[in-house]
Amino acid sequence: MSWTWEYVFGAEEAARTAPPAFLAEIERQADELVRAAEAQYLHGPTHGGGDPKGDDIVVPGGMFSYQIVVRSERVYVVQLTYLGF
């Protein structure tokens, strides 16, 4: 298994209607989160501790919420909020 990210829950539906520039920034940030998690949790599937607390990241145009699940080696984007600023 290798680290990756994906949209889940309503975020997948929201991504279908969000502007491309907004989504591009979310995807860039999600890629960075994947690289950081991969470096911090080298042996994800055998991780014995809990998952780190999720957080929100502000990007141009809005924000998104994410959750890292170490044993699955995934960063999940769980919510998108497009504000248009």
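Here is a short chat about a predicted model of one protein chain.

Biologist: In what order do the elements of the chain run from the N terminus on?

Modeller: Let's start with the parts list: the chain has 2 helices and 4 strands. Read from the N terminus on, they come in the order β-α-α-β-β-β.

Biologist: What radius of gyration does the chain have, and what would a compact globule have?

Modeller: The C-alpha trace spans about 40 × 20 × 20 Å along its principal axes. For 85 residues, a compact globule would come out near 12 Å. The chain agrees with that, as its radius of gyration is 13 Å.

Biologist: What share of the contacts with a separation of 6 or more comes from residues 24 or more positions apart?

Modeller: Picture two residues that sit well apart in the sequence but touch in the fold. Across the chain, among contacts with a separation of 6 or more, the share from residues 24 or more positions apart is 59%.

Biologist: Which elements are included in what covers the buried residues of α2?

Modeller: First, the helix itself: α2 has 21 residues and reaches 30 Å from first C-alpha to last, close to the 30 Å expected. Its buried residues include Phe 22, Leu 23, Ile 26 and Leu 33. The cover over them includes β1, α1, β2, β3 and β4.

Biologist: Is Glu 25 buried or exposed?

Modeller: Glu 25 lies in helix α2, and it touches Val 59 and Pro 60, leaving out residues up to four places away in sequence. Its relative accessible area is 18%. The cut-off for that class is under 20%, so Glu 25 counts as buried.

Biologist: Which side chain does Glu 25 join through a polar contact of 2.7 Å?

Modeller: Remember that Glu 25 belongs to α2, which covers residues 20–40. The polar contact runs between side chains, and the partner of Glu 25 is Arg 28.

Biologist: Why does the pair of Phe 64 and Tyr 66 count as tilted?

Modeller: There are 3 aromatic pairs in the count. In this one the ring centres are 6.4 Å apart and the planes meet at 50 degrees. Stacked needs under 30 degrees and edge-to-face needs over 60, so the pair of Phe 64 and Tyr 66, both buried, is tilted.

Biologist: Phe 9 isn't a glycine, so what is its phi?

Modeller: Phe 9 sits in the loop between β1 and α1. At 69% relative accessibility, it counts as exposed. Its phi is positive, about 55 degrees.

Biologist: And Glu 73, is that one buried or exposed?

Modeller: Glu 73 lies in the loop between β3 and β4, and its phi is positive too, near 55 degrees. Its relative accessibility is 5%. That is under the 20% cut-off, so Glu 73 counts as buried.

Notes:
Residues numbered from 1 in each chain as written. Predicted model: local features only at pLDDT ≥ 70, side-chain atom pairs only at ≥ 80, totals over all residues. Heavy atoms only, no water. Phe/Tyr/Trp six-rings, centres within 6.5 Å; stacked < 30°, edge-to-face > 60°. Buried < 20%, exposed > 50% of the residue type's maximum accessible area, 1.4 Å probe, protein only. Polar contact = N/O pair within 3.5 Å; in protein donor to acceptor, adjacent residues only side chain to side chain. Contact = heavy atoms within 4.5 Å. Expected span 1.5 Å × (residues − 1). Rg over C-alpha atoms; globule rule 2.2 N^0.38 Å.
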